[in-house]
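The sequence and structure are shown first.

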Amino acid sequence: MNLQPKTSFSGWRHDSGPCELAMCTRSAWCSDLRKQTDFRSQRAYGRRSCGSQRVFGWRNAFSAAIASWLCERDLAPAVLLIAILAISAFSHAQSGSSISYEISLTSPEEHLLNVQITLPPGLSQRELQLPVWNALYQIRDFAQYINWIRAKDRSGKPLSVHEINSSRWQIEGAENGALIEYEIYADLPSPFGAQLNQHHAFFNFAEILMYPVEARSAPTRVTFTHVPAGWQIATPLASLPDKVWSAENYDRLVDSPIEIGDFRESDFDESGGHFRVIVDADPADYDTQKLTGDLRKIVAAAISWMNDRPFETYMFIYHFPRGPAGGGMEHAYSTAIDLDAELLKMNPGAIATVTAHEFFHLWNVKRIRPQTLEPVDYTKENYTRALWFSEGVTSTVENTIELRAGLVDEKQFLYHLGDSIDELERRPAHLTQSAEGSSIDAWLEGDPYYRRPDRSVSYYNKGELLGIMLDLAVRQATNDHASLREVFQWMNANFAKQKRYFHDSEGVRQAAEAVSHADFAAFFTKYVAGTEEIPWDDFFRYVGLHVEQVQSRVADPGFVASRNFDGPMTVASVTPGSDAERAGLHVGDTILELQGKTAGLESRQDLARLHPGDALTVKVRSRRGSDREISWNVGSRQEIFYQVKDLDSVTPEQRAHRAAWLKGEAESQSEAASPTK
Ligand SMILES: [Zn+2]
């Protein structure tokens, strides 16, 4: 799902979801290392009830019954004609059985939308549901933004609207169809949001559009009114004449983001697919040629790695606002990505990293999909143990795609790997929370306490590392005749292409065992379902590497803060006895400013530049809402850093294994590819 650019130390750390603002800084050691390694300064970062089918079935039965009745009575052709006309008229009415949404952008300045839903004739009593979650695996209760709701029948007579719970409404008297109208506030920026303002509109439709509970599988149509002059519309939805967009059902509709505004579009064809690139940003803040050039490399690398292209057209939607932003959201035929324009200047590679991740999601999670996410339950948490794979291993493959695309080299890749091991090892919770546990608990990520290093690990972080280990283990078990690539191609062939879902970790194990003919029970028991320490060197030895631990004295501001995706930074813990505690910093404080600058993604880098003894000034808002500015001197502590290095002596076999690993291929590609066919 969501990838969040995350600063780490003096660089960007790849990651993900709620990210910890690791207040440990690599200080001088780190900046030296940065110079030496020239590392990429950016590692950023449904289903169906069936009203319409029921009606359709009844209609056919109705037609058949009339035809049968007519045949039995041998009636005159004129009567037959009348009957056929009657059937035809009824059919026509039913062809309008789609759910129509009209979205009026009436008040951009007030972020207010007026939504009208036209329901076709059907049941007298209908229920309408607004999802409680979408995009993020977090309950966000979008119904909080609904100002009012009303309904009427086709003649304009008001219908009774009864609120069943905070996100569901019941309409009475809708047998001849109904028009439901409501006003909703939309000002959640980011690819996880829905926003209308004077600059543009961007919607994840699930956050603003209700669905009729009995007809979630019905076709949908969307139109817009009061679109400001000069604004265009871009969406992966099917386009019909007269500015109508359609989707086969609600699930597809809400998997299709939409950008409405004065954006720029560039298109390209690659590997047999057509790609549309929509950018909403100041043209001075990005380079279209460089962007499309990198996108070509990424999509070509991913399509060749999967040996599959399950789409004709794919859309990238980018926002590069000047200010806090960051993250990406995957969809089956598109992705939406937001990155801070200022940060892009420092870290132009961030676009490629997030894009490679979100693009690979078109397979992993959108098509190679865990059963536990199906059908989507928009009314409550959709618990799954598979996010370590669906998100974390997507991050593993994102690195492979970048390596194959030539956007990252071995040194950068290994540096990043060390960073990822750092991140896991530094969180005491890696001994108490498994990768599966982190997946199940994803729904708690909005809570700062949950994000504490001693409470949780990230399924992105541990999943990414598990993807690396799984790849190495499959290679070792097959003497490089198979790899993670064959695992994915097997899952694609045996689940996605068969319209089947996989059974969480068990499905991944099934695939690993199918391509390797080896037993992976211990791997999954210890490292996926369990919390055993991963014996890094046992895995890395196969490719001539090992993990070194380096001790270093680092600046320690005395607190840990974290963000929930693109939310504000909240203090998760304050070191007892630290100057930060004496200065009056409290758990739960929101950091508004750091060293005089508005707090944002770059705050991590600002902290990384601090040295022991430096003065630190932060402006914070307490839980009760009072603001204050406090200062103290940064302390220090010993910290262990993990680096992935060559073994003292690397054999030619290990070198050959490493070369294949970095390519993301099995050494004997032709043989290894056979199980996927
Ligand atoms: Zn993701």
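H7 passes H8 in a right-handed crossing. The model is predicted. The axes of helix H7 (residues 350-360) and helix H8 (residues 387-404) cross at roughly 120° and come within 8 Å. That angle makes H7 oblique to H8. On the H7 side of the contact are Ala 352, Thr 353, Ala 356, His 357 and Phe 360; they meet Thr 394, Ser 395, Val 397, Glu 398, Ile 401 and Glu 402 in H8.

A second pair, helix H12 (residues 484-494) and helix H13 (residues 504-516), also has a right-handed crossing. The axes of H12 and H13 cross at roughly 115°, and the two helices are therefore roughly perpendicular to each other. Here Glu 486, Val 487, Trp 490 and Met 491 of H12 meet Ala 511, Ala 512, Ala 514 and Val 515 of H13.

| Helix pair | Axes come within | Crossing angle |
|---|---|---|
| H7 and H8 | 8 Å | roughly 120° |
| H12 and H13 | 9 Å | roughly 115° |

Turning to the cores, the largest nonpolar core has 138 residues, and Ile 298, Ala 302 and Met 469 have the most contacts inside it. Helix H11 (residues 459-477) supplies the largest share of this core, 10 residues. At least three residues of the core come from each of domain 1 (6-45 + 268-549 + 643-676) and domain 3 (96-217). Leaving aside residues up to four places away in sequence, Ala 302 touches Phe 359, Phe 360 and Ile 401. Another core, of 22 residues, lies apart from the largest one and includes Phe 559, Leu 585, Ile 591 and Leu 610.

Definitions and conventions. Residues are numbered from 1 along each chain as its sequence is written. This is a predicted model: local features need pLDDT of at least 70, side-chain atom pairs count only at pLDDT 80 or more; totals for chains, interfaces and linings use all residues. A nonpolar core is a set of buried Ala, Val, Leu, Ile, Met, Phe, Trp, Tyr and Cys residues joined through C-beta atoms within 7 Å. A residue is buried if 20 or more other C-beta atoms lie within 10 Å of its own, exposed if 12 or fewer, and partly exposed in between; C-beta atoms are placed from the backbone. Helices (H or I, at least four residues) and strands (E, at least two) are DSSP runs, numbered from the N terminus. Domain bounds come from an automatic or database domain assignment. Two residues are in contact if their C-beta atoms, placed from the backbone, lie within 7 Å. Axes are lines fitted to C-alpha atoms, for helices over the stretch in contact, and angles run from 0 to 180 degrees between N-to-C directions. Angles under 35 degrees count as roughly parallel, over 145 as roughly antiparallel, 65 to 115 as roughly perpendicular and the rest as oblique. A crossing is left-handed if the near helix is turned anticlockwise from the far one by less than a right angle, and right-handed if clockwise.
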